[in-house]
Amino acid sequence: MNTDFLKGKWNEISGKLKQKYADLTDNDLLYAEGKEDELYGRLQQKLGKTKEEVEKIIQDLG
């Protein structure tokens, strides 16, 4: 996934993720530049999905 895409739209996307997956917390959705893999790991673990599935969810919401 393009990190510029994440940086530019993360506030919007994280809000939509919270609406879609109510069990996600602010800590789960914490985005730090250069730590995208950590973010994907947290989301994979919390949602029980593969990295590719998480990327698709994020792209679809963006």
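Predicted model: local features only at pLDDT ≥ 70, side-chain atom pairs only at ≥ 80, totals over all residues.
**Notebook: helices, core and a few charged residues**

I started with Lys9, which sits in helix H1; helices here are DSSP runs of H or I with at least four residues, strands are E runs of at least two, and both are numbered from the N terminus. Lys9 comes out partly exposed, because its relative accessible area is 30%. For the cut-offs, I used under 20% relative accessible area for buried, over 50% for exposed and partly exposed in between, with a 1.4 Å probe and protein chains only. I also looked up Lys9 against Ile58: they are 49 residues apart along the chain, and their C-alpha atoms are separated by 10 Å.

Residues are numbered from 1 along each chain as its sequence is written, and side-chain values use heavy atoms, with hydrogens and water left out.

Next, the record. UniProt, in an unreviewed entry, lists residues 6-56 as "domain: CsbD-like"; its positions are in the numbering used here, feature names are shortened, and annotations may be inferred rather than shown by experiment. I checked that span: 65% helix, 0% strand, with the end C-alpha atoms 13 Å apart.

Then the core. The largest nonpolar core has 16 residues, and Trp10, Leu17, Leu24, Leu43 and Ile58 touch the most other members. At least two residues of this core come from each of H1 (3-20), H2 (36-47) and H3 (51-61). By nonpolar core I mean buried Ala, Val, Leu, Ile, Met, Phe, Trp, Tyr and Cys residues joined through side-chain atoms within 4.5 Å.

How do H2 and H3 cross? Their axes come within 9 Å, at roughly 100°. Axes are lines fitted to C-alpha atoms, for helices over the stretch in contact, and angles run from 0 to 180 degrees between N-to-C directions. So I logged H2 as roughly perpendicular to H3, a label that covers 65 to 115 degrees. H2 brings Asp37, Tyr40, Leu43 and Gln44 to the contact, and H3 brings Lys51, Val54, Glu55 and Ile58; contact means heavy atoms within 4.5 Å. I sorted these residues into four nonpolar, one polar and three charged.

Lys51 got its own look. It lies in H3 and is partly exposed at 30% relative accessible area. Beyond its neighbours within four places in sequence, Lys51 is in contact with Asp37, Tyr40 and Gln44. Lys51 and Ser14 are 37 residues apart in sequence and 16 Å apart in space, C-alpha to C-alpha.

Setting aside neighbours within four places in sequence, Glu36 is in contact with Thr3, Leu6 and Tyr31. Asp60, in H3, counts as exposed at 56% relative accessibility. Its C-alpha atom is separated by 10 Å from that of Lys16, 44 residues apart along the chain.

How values were computed. Parallel < 35°, antiparallel > 145°, perpendicular 65-115°, else oblique. Nonpolar A, V, L, I, M, F, W, Y, C, P; charged D, E, K, R; others polar.
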